Structures are given as C-alpha cells and as structure tokens.
Amino acid sequence: MSTSNLSHILSQLQSSSSSSPQQITSLLSSAKRELLTLNALIPTSTTPSQILLLARQTLETGALFSIRLQQPDAFTRYYQQLLPFYEIPESSYYSGNGNDPSSQRSKVTGLYLLLLLTKGDYAAFHTVLEGLEVEQAGKGQGLEGDEFISYPVKLERWLMEGSYDQVWGATKREGVPSEEFGVFSEVLIGTIRDEIASCSEKAYPSLPIANAKNLLFLDSEGSVVEFAQARGWVVKDGRIYFPQTQEDMRTEKEILVASGQVIENTIGYARELETIV
C-alpha cells in the first residue's frame, strides 16, 4: 500500500504551527482517514514497520495538537489509540536503514498524567504511573531522569503535601518542560485555588482581602472580590467572611488544628510574597 498521502499530510501537520484550528482539524481528519485506508489504526504483528512508524507519528502529532487547541477529550482519545503502539517493541519501528525517529511517548504520557491531575483523578494517575515503573524496572531503569514524566510526578507529590507554592512556581513558563505542559498551568492553578478556598472556609471565619490575594495566587484585590462573590463569600470592610453553619463554629484552638499543614504552607508563602512586595 502507498503511504505517500499519509506522509504528505503528516508533513503538512508538522509544519502547520501557524495554521488555523480549522485547518489543523481538517488535516487530522484526513490523516485518520488515511490510517483507516491503510488498516493502521490498530497495529498488528503483520503491519509493516514503515506504516507502524507513520501511524504512531500521526497519532502523536494529533495528541499534541489537541493539547494546543485545548481539547482534552480529543487528547484522551489519541492517548488511548496510542497505547497499543506503545506496547510494541521499538525494534518493530526500525526502517530499512535502521533509523527510527524518537517516539513522543514520554511527552504524551506525561501530558496525560498532568491531565489526570487537573481532574483530580489520582487513582488513574497512580495506575498509569505504576505501569510505567514496572516497565522501566524490567529494563533496569527508572523514571527520575525523564523530564516529561517526573514533572507531573513532582506536582502530584507537592499537591499531596499541600505545598501549593511549589506547584505554583513549577507551572510558570520557565518551570514547564515544553509548551504543551504550559496549557495546563491555569487549569491546575484553578484546582489549587478551589482546594485552598475549601480549606479556608473550614479553617477561618474570615481573612483580609490582601492576604487572600496571595493565598489564592490572584493578581489583584479586584480578582479576589470576583472570586469571593462566585463562591458566595461576603466581602465587607476589607475582609472576606466565609459562610458558616452552627456545626462549623469552632474555638480558636480548633481553628488552628483544622487549618493543618495545607493552610500553614500557603499562608507562609503569602507572607513571603508580602515581604518581597
């Protein structure tokens, strides 16, 4: 079977960084039709190495474009389609001259792990991670040196520790391993804000707006007011008052205990920011 059409479409995709989303989507649809024509959407033991390689490259390109176009559902579908290709030994992809372009598996898998974090799906996160660890252990290797996998692993650890300042710093442009990972930064920070907000509601009767701005990683006090109103908080005399039921009423000692390490970490970071500003 001729692979010239698929090769041409793939070449267009790889050089279409400035193309419109509609053009990219159209090219991806054409590429998938070619994969169907070549019977290459699902790899088999008889699939030629050249077609295997083109199919994997096409799906990986589609996955990365889905992230740039902020289409997480499409990205998830591409990731699932890629899994059978990632189970095939690398030697099966070698062409006649022995050259095999590097797979994007680490980047795609790292992005999928990060997507699971933004959804709060920690069970699926650890299922994928444990599979990778077992695979790498079988090769006598670890995951520590893989920048794309270690990035979401570090973020997950910091989230579990309540070290939100570490997560916030890592999601800045200079802290992400590639531009695709940066797409998730605002989503992840939004998740962190909601987590901190929930903890604050339970731990404190009120907070000064200035403290809440740093605590919630917001750019201005106006943004704090908007965030507070969206959550149904009361803003009055420069403070935010959290709604409390009778069951939520606590003594000062109970409030300190309830706040825990999560709030202490973030308040500490807020104070550091105040000294800098």
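**Aromatic contacts**

1. The count comes to six aromatic pairs, where rings of Phe, Tyr and Trp (its six-membered ring) pair if their centres lie within 6.5 Å, with planes under 30 degrees apart called stacked, over 60 edge-to-face and the rest tilted. This is a predicted model, in which local features need pLDDT of at least 70, side-chain atom pairs count only at pLDDT 80 or more, and totals for chains, interfaces and linings use all residues. Residues are numbered from 1 along each chain as its sequence is written, and side-chain values use heavy atoms, leaving out hydrogens and water.

2. Tyr 79 and Tyr 112 form a stacked pair, at 3.9 Å centre to centre with 15° between the planes. Tyr 79 belongs to helix α4 (residues 72-86) and Tyr 112 to helix α5 (residues 105-119), so the pair ties together parts 33 residues apart in sequence. Helices are DSSP runs (H or I, at least four residues), numbered from the N terminus. Tyr 79 and Tyr 112 are both buried, that is, under 20% relative accessible area with a 1.4 Å probe, protein chains only.

3. Tyr 151 and Phe 181 pair edge-to-face, with 5.6 Å between centres and 90° between the planes. This pair links helix α7 (residues 147-161), which holds Tyr 151, to helix α9 (residues 179-182), which holds Phe 181, 30 residues apart. Tyr 151 and Phe 181 are both buried. Together with Phe 148, Tyr 151 and Phe 181 form one aromatic cluster.

4. The charged end of Lys 32 sits over the ring of Tyr 78, 4.5 Å from its centre; the term requires NZ of Lys or CZ of Arg within 6 Å of the ring centre and within 35 degrees of the ring normal. The charged end of Arg 68 sits over the ring of Phe 65, at 5.1 Å from its centre.

Technical notes
Helix = DSSP H or I, 4+ residues; strand = E, 2+ residues; numbered from the N terminus. Buried < 20%, exposed > 50% of the residue type's maximum accessible area, 1.4 Å probe, protein only.
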